[in-house]
Amino acid sequence: MFIRSNALFIVFLVASLIVQGQRPNMVWITSEDNSKHYLKLFDQNGVETPHIERLANKGILFTRAFSNAPVCSAARSTLITSVYGPKLATHYHRAEEKIVLPEGFEMFPAYLRQAGYYTTNNAKEDYNIVKSDSVWDESSRHASWRNRSDGQPFFHVHNIYNTHEGQLHFSKEDIDTERLAAEGTHAFVQPNHPQTDVFRYTNLFYKDKIRAMDKEVGAVIEELKKDGLLEQTIIFYFSDHGGVLPDSKGYLKETGLHVPLVVYVPPKYQRLSNFKPGSKTDYFVSFVDFGTTVLSIAGIDIPEFMDGQPFMGKYAKNRTKKAHEEVFGYADRFDEKYDMVRSIRKGKYKYIRNFQPCHVNGLMNAYRYKQLAYTEWQHLYRDGHLNEEQSQFFQPKQPEELYNVELDPYEINDLANDPDHNRILKDMRKGMDSRLKSMPDLSFYPEFYILRHAKNNPVEFGQQHKNDIAQYLKIANLSLEDFEGVASKIKTYLTSKDPWERYWALTVCSGFGTLAKDATPLIQDISQNDAELINKVKAAEYLAIIGDQNPENVMCQALYASNQITEALQILNSMVLLKDFYNNNTFHIKLEQIQKTIRSNKLIVERLKYLTLLSP
């Protein structure tokens, strides 16, 4: 029950009676899976979206709005809490075990309900969090503001599905060849993609979905108008993260994070806006700010646990200068594919930190590769038909990347090793380290360890282990140094009593490759004797990368011994990585030796199908 005492109930009731009819209604119209790049309102290569454009004509267009994560459940978990995902461990897509919010934490609509708002969601949630009954008055396909009490202010979320990734799961036979012949030569394909008919048609087809989405935006606005509510309602239109063409959704590229955002504020509520009607702003805002902004608009005090800074409403004046100068992004597990990547966008520069640089962006992900453009891209790479820019997606990464996204919007020309940008690189690296330590970022522990030890109070766990996390970051950052200068430190950490110091030392070695071969005896010992299965696997992964040892036996035995789904997923991730991108390693997996609860998991099945060619 969200009302925790009679006294509290009276306070909320009185507050509600005083302000009913004065507080604005608020509606979020959220489209799925489309970055700003598809709308002409934001990008020259986009299509016209007349309904959203009309909203912008009298509203505010945010040219620098971002999701903090490039995939649904992680992005929506940040939206609903106004807390960074790595702080709560809500950033893995999708959650194998949902996180319990700490005592005193609520999803932000609960505070609106407490203040007298009617809260509804139609209909997607997709949270990686255990949801309490205090959040929504109704969350279903039938949820509507129309079921509220007379005069009651409301907050309503309307989700639009037709731009979702699944809409692009068509086959070659589905391609409209006549349309392709007529329009294909004029279809824009971003420069790091193959310039093929499949990519041209995929762009054309997806832009049709954007046009259809715009019509649904218009329909929601029309419903408000019919109900006489348009001039009493603040409307947000935005996407739940970036787009779905390859190397966008699931990746910390601008195409995966940079979302369209338009906010319409009726004349009677202009006092709640810092921006003029019909204007554009280059304020940096991100999803962590959206919930606090809604509370600020409603005049509700913002809970201390929230990380977001409001950009409109009563408390926007308290927004710190830094809050609108940069945004933070994160990407970890997406379905069965593991990685750990963080980003900061500041001004025109984008900094990306790859904590698993031996990983490859193009690693198999079953749902992603249902898209014809993905599979064609992969085949063209394997057949040697791509240029250097188009091949980057399938190659190991550098620990750091830096881009001038105003000049290089598709993040092709990495400036991390450019001496002229050294100062900027170091400044953004320092800012990243500060963020990760202050949060602190729980992903410096493997996911299975977090679920075992932290899922019932991740914030408390993070605070208790803040110094340990800072130490793991310090070890991970050895990958940014010249190897000769850190070789002895790496060997020391490989023999540490702390298993996660060994884990990060192994990860650093994999990034350095053959440069770290002098540590091979230590790593061979870990592969055979470490108490942690994942460390045995990481050691075998390194030895396979340098061609020193066949990883099959170590990895298969670890898989058979594992009794945790996300641990087994991480083991299988290493197998797929080595199979596809390092020395073509093969794995003869004995399915009957995998524990039953493990092999029945949907994501495990996807990996096993790929590795063993099982039928569905």
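**Figure 1. Ala89 is a buried residue, with a relative accessible area of 7%.** Buried denotes a relative accessible area under 20%, exposed over 50%, and partly exposed a value in between, with a 1.4 Å probe and protein chains only. The structure shown is a predicted model, in which local features need pLDDT of at least 70, side-chain atom pairs count only at pLDDT 80 or more, and totals for chains, interfaces and linings use all residues; side-chain values use heavy atoms, with hydrogens and water left out, and residues are numbered from 1 along each chain as its sequence is written. Ala89 occupies the loop between H4 and H5. Helices (H or I, at least four residues) and strands (E, at least two residues) are DSSP runs, numbered from the N terminus. Although Ala89 is not a glycine, its phi is positive, at about 60 degrees.

**Figure 2. Lys98 is located in the loop between helix H4 (85–88) and helix H5 (109–114).** Lys98 is partly exposed, with a relative accessible area of 42%. When residues up to four places away in sequence are not counted, Lys98 touches Tyr127, Asn128, Ile129, Val130 and Lys455. A contact requires heavy atoms within 4.5 Å. Lys98 and Lys455 are separated by 357 residues in sequence, yet their C-alpha atoms are 7.6 Å apart in space.

**Figure 3. A cis peptide bond links Asn122 to Ala123.** The omega angle of this bond is about -5 degrees. Ala123 belongs to the loop between strand S3 (118–122) and strand S4 (138–139).

**Figure 4. Asp33 has a positive phi, near 65 degrees, in a residue other than glycine.** The position of Asp33 is in the loop between strand S1 (25–31) and helix H2 (50–57). Asp33 is buried, with a relative accessible area of 0%.

**Figure 5. Strand S2 (residues 60–66) is largely enclosed by the rest of the structure, because 6 of its 7 residues are buried.** S2 pairs with strand S7 (residues 258–264) in the antiparallel sense, over 5 bridges. Two strands are said to pair if DSSP finds at least two bridges between them. Within S7, Val262 is the bridge partner of Leu61. S2 also pairs with strand S8 (residues 279–281), here in the parallel sense and over 3 bridges; in S8, Lys280 stands opposite Leu61. Strand S9 (residues 285–286) runs parallel to S2 and is joined to S2 by 2 bridges. The residue of S9 that stands opposite Phe66 is Ser286. In a regular strand, side chains alternate between the two faces of the sheet.

**Figure 6. Glu336 is placed in the loop between strand S10 (326–331) and strand S11 (341–346).** Glu336 is buried, with a relative accessible area of 2%. Leaving out residues up to four places away in sequence, Glu336 touches Met364, Asn365, Ala366, Leu569, Asn573, Leu603, Glu606 and Arg607. Glu336 and Gln570 lie 234 residues apart in sequence, whereas the distance between their C-alpha atoms is 8.1 Å.

**Figure 7. Gln564 sits in the loop between helix H20 (552–561) and helix H21 (565–581).** With a relative accessible area of 18%, Gln564 is buried. Apart from its neighbours within four places in sequence, Gln564 is in contact with Phe448, Arg452 and Ile598.

Figure 8. Along the principal axes, the C-alpha atoms of the chain fill a box of roughly 75 × 65 × 55 Å. Of the 616 residues, 64% are buried. Among contacts between residues at least 6 apart in sequence, 72% join residues at least 24 apart.
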